Amino acid sequence: MPLARAAKYFVVRTLLLAAFGLPALLSAAAGQSPPSHATIELIADLTPPAGNPRLQAGLLFHLDPGWHIYWQNAGDSGEPPKITWNLPAGFIAGPIEWPAPKRLGSGSIIDYGYEDQVLLMAPIRAPMSFDYEGRPNVQFVADVKYVVCREICIPGKAHLALALPLTNDAQAREWHEEFEQARKEIPKLAPASWKISARAAQNNLVLSIAGAPQTKSATFFPQAASIIENSAPQVLATDRAGIHLTLKVSDQAAGPPTRLKGVVVLDGSLAYQIAAPVVSK
Amino acid sequence: MKRYFATILGFAFLLAALLSPAWAVRIGDKAPDFTATDTNGQSHKLSEYAGKFVVLEWHNRGCPYTQKHYTSGNMERLQREWTAKGVIWLTVISSAPGKQGYVTAADENSYVKEMKAAPTAVLLDPTGAVGHLYDAKTTPQMIIINPQGVMIYDGAIDDKATTDTADISGAKNYVQQALEEATSGKAVSVASTRPYGCSVKYPD
């Protein structure tokens, strides 16, 4: 669809914000809403990146200090947020684009997720027949189920609606900035010059990246559960060729995986998607 | 020089990793013996249950995942069905004092009555010794030990990792399935799953 027309059209008009945890629902009668520790906004990007044929919508989570939500693989405990879209006929939402997570927790229980604020973006494709010039009103609805945790976990639900088109340009610009920031946090594809391999040795997996820059720290986040022991230390060794990260195979797995897929974060902030077949010796 | 230090550091961490208690009990291993006290002051030793199936159920009444299975009566139903068939059901509370799920014996006995729960006993594990022995990570987490003392199931109660009671009826209950298979002499088809729930509240 023509980008300029889409950009002119998808200016968000109003926003309905409704996010409350179950404790709030239960004590509504008491006249006081206990803190839910997370508020969520449904936002959209006015100007998707050049060449991107799809509009992006997103769930912007604001979390109280110390509280967290989970990545697509939550790790040892917790569960990722689930989003159910209700879109006008012909609109299709794609899967969530997950920013690089943080390691959370301590000791024998390690989780993967986000603190403070995170924008979970989803591409939305409009039907070819959609008439941008006519500026018809459409509404996107997202139902979000999640748990937000710190020392305890609180389940939450939010029913959010976004009505288009928008007339508030300042709001649209502010939201565009949020999307731009979140795009920087999406793990990049590994450079073509890297040679990524993995081998299983007894109860360990060694992830090797030849051509990776010298790095002081590396952390691997598996996309699937029960692949690595999340709480085991990840041991980094470097040599002239690149880096080697030793991971422990999960106790929940019958044996090493055939493929290692996930995110590797170098020096705390450089995040890459990687996938490699696992060679067993 | 830098590379030399990096290698030394690497080996130091590797040594630390190897020395840390990273070898948890795996399916097919002998379940490690332990002694713990229940909410009636009785001492239980796992090995005294040799010859019986034993279920270990990690519990924290404040955790929404535990609440899902208790407010719905799902856990209580499992407890009743299987203790009636001679399975020893031990609910384990590994929450440290001051943390969510920590309870006094009297308080827990009231809860068991109120929830119409039917475990053989509720073991109080405030130091987390039993939890760490089995590397329990979540509440709920379910472990099944066969009459030969071998661990035959470790993981989630069912296959719907949510806090929603509506998900119980459509879920595959791994505990039910494993006990039905094992008590009829069959191999446990799904022996290991990622347990879902809140983290066990061990001491810091």
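Guide: The second largest cavity has a volume of about 90 Å³, where a cavity is, on a 1 Å grid over the protein atoms alone, a set of points where a 1.4 Å probe fits but cannot get out, and where the volume is the space filled by probe spheres set on the points, which are joined across faces, edges and corners. Before going on, please note that this is a predicted model, in which local features need pLDDT of at least 70 and side-chain atom pairs count only at pLDDT 80 or more, while totals for chains, interfaces and linings use all residues. Residues are numbered from 1 along each chain as its sequence is written, chains are lettered from A and ligands numbered from 1 in the order in which they are written, and side-chain values use heavy atoms, with hydrogens and water left out.

Visitor: Which residues lie nearest the centre of the second largest cavity?

Guide: Rolling a probe the size of a water molecule over the atoms shows where empty space is left. Here 13 residues line the second largest cavity, and A:G75, A:D76, A:S226, A:N230 and A:Q252 lie nearest its centre; lining residues have an atom within 4 Å of a point. That lining divides into three nonpolar, six polar and four charged residues, with Ala, Val, Leu, Ile, Met, Phe, Trp, Tyr, Cys and Pro counted as nonpolar, Asp, Glu, Lys and Arg as charged, and the others, Gly among them, as polar.

Visitor: How many cavities of 30 Å³ or more does the structure hold, and what volume has the largest cavity?

Guide: There are three cavities of 30 Å³ or more, and the largest cavity has a volume of about 150 Å³. Its lining is made of 15 residues, with A:D251, A:Q252, B:D135, B:Q141 and B:D154 nearest the centre, and it divides into six nonpolar, three polar and six charged residues.

Visitor: Is A:D76 buried or exposed, and what about B:K137?

Guide: Buried means under 20% relative accessible area, exposed over 50%, and partly exposed in between (1.4 Å probe, protein chains only). A:D76 counts as buried because its relative accessibility is 5%, and B:K137 counts as buried at 4%.

Visitor: Which other salt bridge could I look at for practice?

Guide: In chain B, the side chains of B:E81 and B:K85 meet in a salt bridge (3.2 Å, N to O). B:E81 counts as partly exposed at 27% relative accessibility, whereas B:K85 is exposed, with a relative accessible area of 54%. Elsewhere, salt bridges that share partners join A:D76, A:E229, B:D135 and B:K137 into one network.

Note on methods: 1 Å grid on protein atoms, 1.4 Å probe; cavity = no way out; pocket = protein on both sides within 12 Å on 5 of 7 lines; lining within 4 Å. Salt bridge = Lys/Arg side-chain N within 4 Å of Asp/Glu carboxyl O.
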